[in-house]
Amino acid sequence: MHLEQIHSPQQLKQVPVEDLPKLAEEIRSFLIESLSVTGGHLGSNLGVVELTIALHYLFDSPRDQFIWDVGHQAYVHKILTGRMGDFPTLRQYKGLCGFPKRNESEHDVWETGHSSTSLSAAMGMAVARDLKGEDNRVIPIIGDGALTGGMALEALNHIGNERRNITVILNDNEMSISPNVGALHNYLGRLRTHKHYHKIKEEVEYFLRKIPSVGGTFATAAERIKDSLKFLVVSGVLFEKLGFTYLGPINGHDFKELMESLRQADQTPGPVLVHVVTVKGKGYTPAEQDAETFHGVGKNYKLEAGSRKPKKVGGPLPYNKVFGNTLIRLAEKDPKVVGVTPAMLGGSGMNEFASRFPDRSYDVGIAEQHAVTFAAGLAIQGMKPILAIYSTFLQRGYDQLIHDVARQKLNVVLAVDRAGFVGADGETHQGVYDVAYMRCIPEMVIMMPKDENEFQHMLYTAYRYDQGPVAVRFPRGVGLGVDMDREWKELPIGQSETLRDGRDVALLAFGNVVPLAMKAADQLAREGIRARVINARFAKPLDTELLDELCKAQMPIVTIEEGCSIGGLGSAVLEYYEEQGIYGMAVKRIGIPDYFVEHGGVEEQRIEVGLTVEKITGAAHSLLPRQRQRA
């Protein structure tokens, strides 16, 4: 057993080369056993075992800098850098992070959770290295899915132009989370199928060197012959045209081939791209056969014998299932409805829609900016695009949302998935900023349901709205198990809903924290305090009639939201009163403080920031004495 003896890359280097395949088997067994308990990103890590071993075996981390794009494939890197003993705490509160984390290890030189950032970061690190006169290696590892992101292509262009020493590892497994799409994916597919390209190229170059030169004209012709051959065999040599030395495709599970190619790359000046073909889920048959399902697994997943946890029958519907069902019904009624997603077809519940309406379903790949403006183009021609996008990824299309959608008052529906805390994925994926960054955009409407039934009504309302963009936020996970209405109803834009009457204090809750407000009202009632519970429904526009009514009654307000306090619903309430010249209203905001909340369970995250019954009732108590003194 080699794995138990490895606590650093230096110890890895003591393992004989011929024993590395055995080490790879041990790592795969460890990953399968460990993640069956903790959950985590399985398929992507099984696919990079040999590649990660080879990188740490040949190079010298952390002096040589490995930059993992997205980061969910960095578990093997963590194992080889002394953190195997922490894996029982993976993605748990105060435990091992599921992504690279700088304060966790000196070997994690770049933090990431979003894709397509590694190449830009690598370019910055390489320039800094050269300015300081150092000679360490900079090695970004990027997947073929992440390469479709516009930022990655911008960085490729810059790196190729600057000609600095950077070795880019392209981990090509034909997957991101959902199967990859697009022309670049197809191009890489052609490269994979022409493994004899380099051999043919070398033979032709040898032949040309044997022909006596007949001046510059013939030399130019010879170069054209070589270039033509490239395009004939590979149908375009994109990376070489961008200024890279291209090596590959190579078998990412063959140590000999990996080692030779990485050594060759290290000896080649300028930017080099090593095209490594891997199998997502390698070594675990169910994951190889169903890479999308096994991209990530939950806690206590049955992995040992390749069995799968049986799907639950009955129970509350997941929010993404409600979204998918509603989208299908809308599309059945209206041929102008088009579904769009940036590589989250399955995650957002659109698989069945895509099967039913292939001509009206568009997975544009990891390209959020493009997704937003693509939806704008659809809308400007009279279609009704519904863009399913995670809150944390919508951030990447912010300029497009302002410039291309809202400014033109286009009717784009944003189905903002994973709004609020997301649990184990942690700070890079928390969907807690979108209300603040969208609320300041003119023409935006922002709503969030209290339960899955109200969610379908909100989607219908957004579909019917024709005055500009609408964002319908919804949380990760399952609903409350409420009855689902057969018929949709259109909700009045900007109108809240009173769920419980009371005259002592108003609990104004937004979205998935409404049940928490109801529990707090129950506790206050036991203490003799009558709380009015209001389902805000809309963060923009506000229910100003309600706010005027509360002001007239001088009823103190506690706002509750699972989003950042700065710029959220509570801020909107305070802004409204300030704009009206009302300065005596007692308002207490409960939301997420001004720091990044790390990974853990959602309930643990709520407790940490004070989204609890105790905090809400405490806030109500703190306001009541002020109100009574004025009376």
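A salt bridge is taken as a side-chain nitrogen of Lys or Arg within 4 Å of a carboxyl oxygen of Asp or Glu; by this rule the count comes to 35 salt bridges. The model is predicted, so that local features need pLDDT of at least 70 and side-chain atom pairs count only at pLDDT 80 or more, while totals for chains, interfaces and linings use all residues. Residues are numbered from 1 along each chain as its sequence is written, and side-chain values use heavy atoms, with hydrogens and water left out.

K256 and E260 form one of these salt bridges, with the closest N and O atoms 2.7 Å apart. Both belong to helix α12 (residues 255–266), where a spacing of 4 residues separates them by about one helical turn; helices are DSSP runs of H or I with at least four residues, and strands are runs of E with at least two, numbered from the N terminus. K256 is exposed at 57% relative accessible area, whereas E260 is partly exposed at 44% (buried, under 20%; exposed, over 50%; partly exposed, in between; 1.4 Å probe, protein chains only).

E332 and R356 also meet in a salt bridge, at 2.4 Å from N to O. This pair links distant parts of the chain, helix α14 (residues 319–333) and helix α15 (residues 351–356), across 24 residues. E332 is partly exposed at 47%, as is R356 at 42%.

A further salt bridge joins E368 and R396 at 3.8 Å. E368 lies in helix α16 (residues 368–380) and R396 in the loop between α17 (391–394) and α18 (398–406), so the pair ties together parts 28 residues apart in sequence. E368 is buried, at 6% relative accessibility.
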